[in-house]
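Please keep the structure open as you read.

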Amino acid sequence: MSETTQQPTTRLGSLFERLKGENRAALIPYITAGDPDAQATVELMHAMVEGGADAIEVGVPFSDPMADGPVIQAAHERALKSGLGLRGVIDLVAEFRKRDTDTPVVLMGYQNPIEALGVTAFVDKAAGAGVDGVLTVDLPPEEADELSVALGERGMSPIFLLAPTTSAARTREVASKGSGFVYYVSLKGVTGAANLDTEALATQVEGVREACALPVGVGFGIRDAETAGQVGRVADAVIVGSAIVRLIHEQASAAGGMNAQGLETVRGFLAELRSAVETARQ
């Protein structure tokens, strides 16, 4: 097993320590920043916390989101049309922090915007805004030392992906370079693809745990309360993306923007997921 240990003083570390005592998984919804617009992103983040989110994953709009399926790809396109870039996304996290200093926020995106901004400038700005972790989808751990070290020095977690095809040796190597948690991609393919085989997932997560001391978050293929509960029985975090992005788009499209009813609908969906995760191990 990897010797990597959780950092208890970080928001992510404190969260997983607390939930371990409560014997339940974390609920981590994903939102694409800037979809349907920047101000709605902050309002949606607060609504998701009110609905039961334990942490939030914020997607950085990118022109070639290769790991994402059609639902989130479309969200990226909508967000990019508003002109929102990496700096703007971090500013939204800072805005969120004015009312919420407790909920961990993880940025999920791709390497090119970070390189364009510069690693040092990105890390400084993210730390100042209250970002807790960064998952760079297309950055292999072997090439992530500069970013990982810089994040660690500012108390943020570099988070990496694992897949069903990842070997135990590779899992140990990836875990040694990350912190916070590992993101286990439960399906082969892109976000929002196919149905989840939760029985097979239990075996896969157990295999990850044997090679990795970090909490295991599971994403891809979780689309409703039923699957959230099934994943919550075996994982340390349940990460829900496409289902929430689709719901946000439906609500915003119907009302010409995100209004109070739309926020309440998203809040209610999160509450259903949270209830399923909370009762999953009872």
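A word on the ground rules first. This is a predicted model, in which local features need pLDDT of at least 70 and side-chain atom pairs count only at pLDDT 80 or more, while totals for chains, interfaces and linings use all residues. Residues are numbered from 1 along each chain as its sequence is written, and side-chain values use heavy atoms, with hydrogens and water left out.

The protein has 12 helices and nine strands; these are DSSP runs numbered from the N terminus, with helices being H or I of at least four residues and strands E of at least two. Its C-alpha atoms fill a box of roughly 50 × 45 × 35 Å along the principal axes. For 282 residues, a compact globule would have a radius of gyration near 19 Å, and the 17 Å of the protein agrees with that. This radius is taken over C-alpha atoms, and the globule rule is 2.2 Å times the number of residues to the power 0.38. Of the 282 residues, 56% count as buried, where buried means under 20% relative accessible area, exposed over 50%, and partly exposed in between (1.4 Å probe, protein chains only). Contacts (heavy atoms within 4.5 Å) tell a related story: among those between residues at least 6 apart in sequence, 73% join residues at least 24 apart.

Strand β1 (residues 26-32) runs parallel to β2 (residues 56-59) and is joined to it by three bridges. In β2, glycine 59 is the bridge partner of threonine 32.

Next, which residues of helix α10 (residues 225-232) are buried? They are Thr227, Ala228, Gly229, Val231 and Gly232. The buried residues of α10 pack against α9 (198-211), β8 (216-219), β9 (237-240) and α12 (260-278). Aspartate 224 caps the N-terminal end of this helix, placing a side-chain oxygen 3.3 Å from the backbone nitrogen of glutamate 226.

Finally, the loops. Most residues other than glycine have a negative phi, and most peptide bonds are trans. Yet a cis peptide bond, with omega about 10 degrees, joins aspartate 35 and proline 36; proline 36 sits in the loop between β1 and α2 (38-51). Asparagine 23, in the loop between α1 (11-22) and β1, has a positive phi of about 55 degrees, and is partly exposed at 44% relative accessible area. Phenylalanine 220 has a positive phi near 80 degrees and is found in the loop between β8 and α10. Is phenylalanine 220 buried or exposed? At 6% relative accessibility, phenylalanine 220 counts as buried.

How values were computed: A polar contact is a pair of N or O atoms within 3.5 Å; within protein, one must be able to donate a hydrogen and the other to accept it, and residues adjacent in sequence count only if both atoms are side-chain atoms. Two strands pair if DSSP finds at least two bridges between them.
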